[in-house]
Every structure is written in structure tokens, then in C-alpha cells.
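Please examine the structure shown below together with its sequence. The report that follows treats selected elements, contacts and surface regions in turn.

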Amino acid sequence: MLYHSVIIIAYALTAVVIAVQAPVYVEGLDPVVGYWAGGVFFLICALVHDFTMRHVERARFQRDLQKMRSDLDMAETGLDRFDNILGRLAGKDGNMDSFASEMQILRKLLKQLSTDEKPEPKEEEEFVLSADAEVQEETTTASSSSDESPESTMPRDVEILEIVRAGLQENKVDLYLQPIVRLPQRRTLFYEAFSRIRGPRGEVITPGQYLNIAETAGLIGTIDNLLLIRCVQLIRRVRQKNSEIGFFVNVSARTLRDTAFFRQFVDFLDQNKDLSDSLILEFAQIDIDNASEAIQKGLSTLAKMGFHFSVDHVERLDFDFGELGKRNFRYMKVAAVDLLPGGTGLPMDIHPDDLREALYRENIELIASMVEDEDTVIGLLDVEVGFGQGFLFGVPRPPQAVN
């Protein structure tokens with residue numbers, strides 16, 4: 001404001017000088033004309049000053065407006081990213097109740113880890129992860145360690161247990177996926193989810209290493225449920241691009257037997273029942289055979305919510321397929337070697353050639369696991385097995401490494 005005042009005063013003084021001095025320097029000039037000349041000069045200077053200032057203000061306003069638009073665009077981009085993140089966490093329909101349910105389960109799991117200092121007594125052997133290759137790894141590890149003395153194995157078990165506990169508390173339980181393909185096209189229609197735990201030095205601990213130790217320490221249920229939450233979050237992201245892909249997730253009998261936790265488990269799945277077409281819950285045959293009434297009621301509750309089940313670690317086939325189908329089991333995994341012609345096979349009440357037809361009548365798909373070579377695939381096609389899983393089609397890998 002002072003700057004403009006000084007300029008106006010300068011205009012005015014110059015105009016006064018012109019008005020007074022013009023008749024002096026111009027002979028015969030009427031003083032009135034001199035006053036008019038001074039006034040016109042002042043008016044012209046004022047108009048030029050006003051035009052210049054308006055032009056400057058307009059340029060400044062346009063710069064400010066451009067900056068505001070840029071800031072607004074950045075804010076909208078940030079809001080879109082934030083909304084996208086919340087959308088992925090809350091699900092396709094933006095259900096924040098589901099996200100809150102996940103956080104509630106995670107808080108309960110972390111609280112259990114911080115309060116359960118002593119290992120729980122081992123009740124009965126449970127098979128949690130159903131990758132046959134990893135079960136073989138577990139057997140190999142157990143047999144190789146049986147030759148060692150207890151003094152030599154104890155430090156390793158304690159170290160692995162500490163890695164498992166730290167991995168659960170520090171969110172270092174990673175999700176790995178192995179493809180399940182349609183035969184003979186070998187098109188991937190499903191993935192099975194597995195857990196891997198990262199150690200403090202970046203080493204990866206597989207189920208074959210920690211399964212028995214975690215079971216003894218009572219941590220299997222925690223690993224199961226963290227794996228389920230991770231898989232649900234992954235399904236939400238995948239369904240935005242491809243809603244046809246399904247995911248198998250293993251659930252241990254221990255999780256079902258925990259009445260207090262199972263209630264939250266059901267609530268969590270109820271919040272995500274829109275994913276029931278993409279999420280298949282998998283149980284070992286021994287857990288199904290030994291299921292208590294409470295577990296059977298739990299499975300019935302999940303079935304009414306629309307979730308489908310799969311039976312794994314099949315050791316016999318002489319049971320009622322119709323009853324299995326009524327309980328919403330839609331998939332059965334059998335080791336490929338037990339399905340190949342000429343093999344010893346598994347105990348069953350029907351001819352092996354009629355197995356697939358018997359399962360098909362009950363809407364149960366047969367999946368051959370542990371497929372590791374092309375000759376096995378040829379044998380499976382001879383007996384009309386529709387799906388295959390194994391190292392031949394892909395090893396478990398992180399989701400970012402899976403197309």
C-alpha cells in the first residue's frame with residue numbers, strides 16, 4: 001500500500017509542476033491550459049498505473065490459482081490412494097466391519113502370544129498344512145534328527161521356537177501360494193496358501209521345520225488364523241482383477257476346538273462371506289474322522305454361510321462320499337501315486353475306475369497332489385483326474401512372484 005501511495009504522490013507532484021511551469025516555459029500559454037495539462041498527465045499516469053497493477057494482480061492470481069489446483073490434484077490423488085487402501089482392507093463392498101474384525105482377531109492373537117509363556121501340553125497329532133511335499137520334508141527332518149542325541153537337538157528346537165514366537169509377534173509370517181491346475185490344460189484355477197516364517201537374519205523357516213515344535217507350544221492355531229487373515233486380504237485384492245481364482249486355506253482342529261476363539265473365527269468369516277466362492281477351507285481326514293460334536297456344528301455353521309470345504313491327507317477311501325457331500329465338502333486331495341493305475345492304492349469300497357464318478361455324483365472334485373513328473377500326469381489323465389497339484393506345476397512362492 002505504501003508503494004502505491006508513493007507512486008501516486010509522485011504522479012501528483014509531477015502534475016503540479018507541469019501545471020505551474022508550463023505557462024512559464026511556453027509563451028502565450030494560458031495558465032488554465034497548464035492546469036488542464038497537469039490534470040490530464042495525472043489522469044493518464046493513474047490509468048497506466050491502474051492497468052499495470054491489474055495486470056500484475058491478474059498474473060499473481062493465476063499463479064495462486066494454478067498452485068491451488070495443483071494442491072487440490074495432489075490432495076485428490078492422496079484421497080484416492082487412501083480410499084483404495086481402505087477398500088482393499090475393508091473388502092470389495094467397503095465393509096469396515098470386516099476390517100475391524102480382523103484387527104480384533106489380531107489383537108487377541110498377540111495377547112495370547114504375550115501371556116502364554118509356557119508351552120501347552122500336546123493333545124493329539126494334527127496335520128495343519130496339507131502340502132504333501134512339506135509333510136515329506138517334516139518326515140525327513142524327523143527321521144534325520146532321530147539319530148541325534150536330545151542334547152544336540154534341544155538347542156535347535158528352542159531356537160526355532162523363539163523364531164516362531166518372534167515371527168508371530170513381529171508380523172513376519174508370510175503367505176506363499178502353490179498353484180492347482182486343471183488337467184489336461186494346466187490352467188491355474190486355484191492356489192493353496194502356506195505359511196513361511198522369517199527369522200531375524202532373513203532365513204525362511206518352513207512348516208517342515210516348525211510344525212511339531214509349534215504344535216507342542218500351542219502356536220498352530222495362531223499361525224492358522226494369521227494365515228487365514230492374510231489370505232482374505234489377498235483375495236480382496238485379487239478379486240478386483242480376477243474373481244474366478246479360488247484359494248485353499250488349511251484350518252486345524254485345534255482352532256475349531258477353541259470355543260471362545262471359534263466364535264470370533266465364525267464372526268470374521270461372516271463379515272467376509274461374500275468371499276465364500278473364492279475361499280475353500282481345508283481339513284485333514286484324521287481331523288474329520290475324529291471331529292467332535294462341537295466341531296461338526298462349527299462346520300455346519302460355516303457351510304450355512306456358504307463356505308466350501310476340502311479334505312486332505314486322505315489315507316483311506318472306504319467312507320460315505322454322500323455324507324461328505326452333504327456336509328459341503330467339494331474337493332478331495334489324494335496323493336497322485338495312490339491314484340495311478342497299477343499302484344497299491346488306498347482302501348476303498350468301490351472299484352478304482354469308479355472313484356471319480358462316485359465323487360462327481362456328490363459334487364466333489366478330485367485333486368491329485370504330489371505331481372512331480374510328466375509320466376504321472378499321463379497316468380492321471382488315464383483315470384480322468386480333473387485337477388493336479390505339485391512341484392511339476394509350481395512350487396510355493398510369495399504372491400508378488402505369482403502371476
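## Helix α6

In this predicted model, helix α6 spans residues 207–216 and is largely enclosed by the rest of the structure, because seven of its 10 residues are buried. The buried residues are P207, G208, Y210, L211, I213, A214 and E215. After α6 comes G218, with a positive phi near 75°.

## Strand β7 and its surroundings

Strand β7 (residues 329–335) is likewise described by its burial: seven of the seven residues are buried, so the strand is largely enclosed by the rest of the structure. Strand β6 (residues 308–312) runs parallel to β7 and is joined to it by three bridges. Within this pairing, V311 stands opposite M332 of β7.

The loop between α12 (321–326) and β7 contains N328. Although N328 is not a glycine, its phi is positive, at about 75°. N328 has a relative accessible area of 14% and therefore counts as buried.

## Salt bridges

How many salt bridges does a search of the whole structure find? The search finds 13. One of them pairs D174 with R198, whose closest N and O atoms are 2.5 Å apart. Because D174 belongs to strand β1 and R198 to strand β2, this pair ties together parts that are 24 residues apart in sequence. D174 is buried, at 19% relative accessibility, whereas R198 is partly exposed, at 31%.

K333 and E192 form a further salt bridge, with 2.3 Å between the closest N and O atoms. K333 lies in strand β7 and E192 in strand β2, so the contact ties together parts that are 141 residues apart in sequence. Both partners, K333 and E192, are buried.

E203 and R201 also form a salt bridge, the closest N and O atoms being 3.6 Å apart. E203 counts as partly exposed, at 21% relative accessibility, while R201 counts as exposed, at 66%. Salt bridges with shared partners join E159, R201 and E203 into one network.

## The loop between β1 and β2

The loop holds P184, and the peptide bond from L183 to P184 is cis, with omega near 5°.

R186 also lies in the loop between β1 and β2. The phi of R186 is positive, near 65°, in a residue other than glycine. With a relative accessible area of 34%, R186 is partly exposed.

## Surface patches

A nonpolar patch on the surface is formed by V32, W36, V40, I44 and V48, which together have about 500 Å² of accessible area. I44 is located in helix α2 (residues 31–90) and counts as partly exposed, at 47% relative accessibility. An α-helix has 3.6 residues a turn, so residues three or four places apart point the same way.

A patch of negative charge on the surface gathers D353, D354, E357 and E384. E357 is found in helix α13 (residues 355–361) and is partly exposed, with a relative accessible area of 42%.

A358 and G322 are 36 residues apart in sequence, and their C-alpha atoms are 8.8 Å apart in space.

Key: Residues are numbered from 1 along each chain as its sequence is written. This is a predicted model: local features need pLDDT of at least 70, side-chain atom pairs count only at pLDDT 80 or more; totals for chains, interfaces and linings use all residues. Side-chain values use heavy atoms; hydrogens and water are left out. Patches are made of residues with over 30% relative accessible area and no salt bridge: like charges are joined within 9 Å, nonpolar side chains (Val, Leu, Ile, Met, Phe, Trp, Tyr) within 5 Å. Accessible areas come from the Shrake-Rupley method with a 1.4 Å probe; for residues, only the protein chains shown count as cover. A salt bridge is a side-chain nitrogen of Lys or Arg within 4 Å of a carboxyl oxygen of Asp or Glu. Helices (H or I, at least four residues) and strands (E, at least two) are DSSP runs, numbered from the N terminus. Buried means under 20% relative accessible area, exposed over 50%, partly exposed in between (1.4 Å probe, protein chains only). Lys and Arg count as positive and Asp and Glu as negative; His and the chain ends are not counted. The place of a charge is taken as NZ of Lys, CZ of Arg, CG of Asp or CD of Glu. Two strands pair if DSSP finds at least two bridges between them.
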